[in-house]
Amino acid sequence: MPKLDKQQFEATIREITKPLNGQYPRPWMTKLRDPIQAEVFVVGMNQSREYLTHDLSHEQHVDALFNEEPEACRKLYDDLNPSPSEARKNIDRFVNRLEEAGVHNTLETNVICYSTRMSKCLRENPHIGGAWRGEEIFRFLLSSIKPKVLIVHGVGASKKLKSIMDCDIPAPPKCADDGVVRCRCGAMLVIVIPSLGQPGFNMWHSWASAHLTRVADVVAGHLDG
């Protein structure tokens with residue numbers, strides 16, 4: 001699938017983020033005004049915080065996604081979530097680490113771009129349609145943006161990504177000595193790290209900082225190569 005221009009891309013995003021089960025599917029967090037320019041995806045399983053339809057309009061949601069005002073994408077999240085999730089805090093720290101390494105064109109997304117309190121809830125009857133739509137959104141982002149690097153965090157996300165990409169993606173590292181775990185899926189470099197969400201992050205927090213610095217350096221080197 002060839003890259004879409006921004007107008008075509010935005011039109012599709014408007015369509016696939018229409019309300020579902022009282023929420024707007026949330027395809028990404030980014031500082032970019034043109035997400036098509038993203039070179040790196042940071043990919044989790046699915047987000048926990050909902051954007052409920054009674055809190056904002058669809059137009060407000062889409063405008064924020066494309067940062068029609070500076071930092072609007074993050075500002076909307078902060079307005080709706082005065083206390084950010086632990087996963088959000090950890091992702092923020094990691095994205096800051098990437099920026100320190102010179103990696104700026106990042107897009108934070110999920111293999112299922114639909115919110116539930118816990119990922120296991122995606123299997124429950126009320127959310128099956130949302131899980132399907134959320135995966136459809138991620139597949140669209142992957143095929144239309146074609147990032148150079150995917151950084152997937154968590155066992156569940158890496159397994160789901162494996163089925164979506166039909167690629168032999170390894171399991172996340174279990175200790176610091178495992179180093180940066182990576183593979184190639186077509187033209188994309190895929191790096192697998194342990195979960196940035198709770199409770200999974202607690203199991204590796206003691207070596208997370210040094211490991212994420214190594215990951216950021218690998219990504220920067222790959223983009224410069």
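Hi everyone, let's start at proline 199, which is found in the loop between β5 (188–193) and α7 (205–224). What is the peptide bond from glutamine 198 to proline 199, cis or trans? This one is cis, with omega near 5°. Please keep in mind that we are looking at a predicted model.

Now let me step back to the whole protein chain. Its secondary structure comes to seven helices and five strands. If you walk along from the N terminus, the order of the elements is α-β-α-α-α-β-α-β-α-β-β-α.

How about overall dimensions? The C-alpha trace spans about 45 × 35 × 35 Å along its principal axes. A compact globule with 225 residues would have a radius of gyration near 17 Å, and the protein chain has 16 Å, so the two agree. Buried residues make up 52% of the 225 residues. Taking the contacts with a separation of 6 or more, 73% are between residues 24 or more positions apart.

Next, the aromatic rings. How many aromatic pairs does the structure hold? There are six aromatic pairs, and I'd like to show you two that share tryptophan 28. In one of them, the rings of phenylalanine 9 and tryptophan 28 have their centres 5.8 Å apart and their planes at 15°, so this pair is stacked. Phenylalanine 9 lies in helix α1 (residues 6–16), while tryptophan 28 lies in the loop between α1 and β1 (40–44), so the pair ties together parts that are 19 residues apart in sequence. Both phenylalanine 9 and tryptophan 28 are buried.

Then there is the pair of tryptophan 28 and phenylalanine 66. Here the ring centres are 5.5 Å apart and the planes are at 90°, so the pair is edge-to-face. Phenylalanine 66 lies in the loop between α2 (58–65) and α3 (72–80) and tryptophan 28 in the loop between α1 and β1, so this pair ties together parts that are 38 residues apart in sequence. Phenylalanine 66 is buried, as is tryptophan 28.

Asparagine 21 has a phi near 55°, a positive value in a residue other than glycine. Its relative accessible area is 45%, so asparagine 21 is partly exposed. Glycine 22 is partly exposed too, with a relative accessible area of 36%. Which residues does glycine 22 contact, leaving aside its neighbours within four places in sequence? They are Tyr51, Leu52 and Thr53. Glycine 22 and threonine 53 are 31 residues apart along the chain, with their C-alpha atoms separated by 5.6 Å.

To finish, let's visit helix α5 (residues 128–145), the place of serine 144. Is serine 144 buried or exposed? At 1% relative accessibility, serine 144 counts as buried. Lysine 146 lies in the loop between α5 and β3 (149–153). Lysine 146 has a positive phi of about 55° although it is not a glycine, and it is partly exposed, with a relative accessible area of 37%.

Conventions. Residues numbered from 1 in each chain as written. Predicted model: local features only at pLDDT ≥ 70, side-chain atom pairs only at ≥ 80, totals over all residues. Heavy atoms only, no water. Helix = DSSP H or I, 4+ residues; strand = E, 2+ residues; numbered from the N terminus. Rg over C-alpha atoms; globule rule 2.2 N^0.38 Å. Buried < 20%, exposed > 50% of the residue type's maximum accessible area, 1.4 Å probe, protein only. Contact = heavy atoms within 4.5 Å. Phe/Tyr/Trp six-rings, centres within 6.5 Å; stacked < 30°, edge-to-face > 60°.
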